[in-house]
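Reader: Hi! Could you walk me through the ring contacts and the core in this one?
Author: Happy to, let's have a look together.

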Amino acid sequence: MAHTQGIHHLGLTVPNIKEASTFFIDALGFTQVGDVPSYPAIFVSDGAVMLTLWQAEEPEQAAPFDRTKNIGLHHFALRIADSITLDEVYQQLKIRSDVTIEFAPEALGENGIQHMMCRIPGNIRLELITL
């Protein structure tokens, strides 16, 4: 039996904390649940998952993410209620200037699961998936 009980929160270092928090709030309906301006950090939640967004100290010095070469976070996935909602979110995301769609909603195997992949502000890979 596992000693853990799922993710409490996920911390992401981002080049622009305001752009990142605005994305989660405006595009995905998250709520800001706290902040630490001196750190600086902003905490957002969808009611099930909390994200801690940390401002990078010198974002212009950061190496761009390459999923085949960097160690650490490859992507993270957020659950979407159903394929209809997934398509609605996709339609909203594909017209945003701060999002790059890697692939539109598609089947993940033959099990009825649908998913899509995009890059959000800060070039972080986000998968949206139905279960």
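**Rings and core**

Reader: How many aromatic pairs are there?
Author: This is a predicted model, and the count comes to 5 aromatic pairs. Phenylalanine 23 and phenylalanine 24 form one that is edge-to-face, at 5.2 Å centre to centre with 75 degrees between the planes.

Reader: Are those two buried or exposed?
Author: Phenylalanine 23 and phenylalanine 24 are both buried.

Reader: Is tryptophan 54 buried or partly exposed?
Author: Tryptophan 54 counts as partly exposed, at 25% relative accessibility. Phenylalanine 43 is buried, with a relative accessible area of 17%.

Reader: Which rings make up a cluster?
Author: Phe23, Phe24, Phe30 and Phe76 are linked into a cluster by ring pairs.

Reader: New topic: which residues touch the most other members of the largest nonpolar core?
Author: That core has 26 residues, and those touching the most other members are Phe23, Phe24, Leu53, Phe76, Leu93, Leu126 and Leu128. Helix 1 gives the largest share, 5 residues.

Reader: What does leucine 93 touch?
Author: Leaving out residues up to four places away in sequence, leucine 93 touches Phe23, Ala27, Val99, Ile101, Met116, Cys118 and Leu128.

Note on methods:
Residues numbered from 1 in each chain as written. Predicted model: local features only at pLDDT ≥ 70, side-chain atom pairs only at ≥ 80, totals over all residues. Heavy atoms only, no water. Phe/Tyr/Trp six-rings, centres within 6.5 Å; stacked < 30°, edge-to-face > 60°. Buried < 20%, exposed > 50% of the residue type's maximum accessible area, 1.4 Å probe, protein only. Core = buried A, V, L, I, M, F, W, Y, C linked by side-chain atoms within 4.5 Å. Helix = DSSP H or I, 4+ residues; strand = E, 2+ residues; numbered from the N terminus. Contact = heavy atoms within 4.5 Å.
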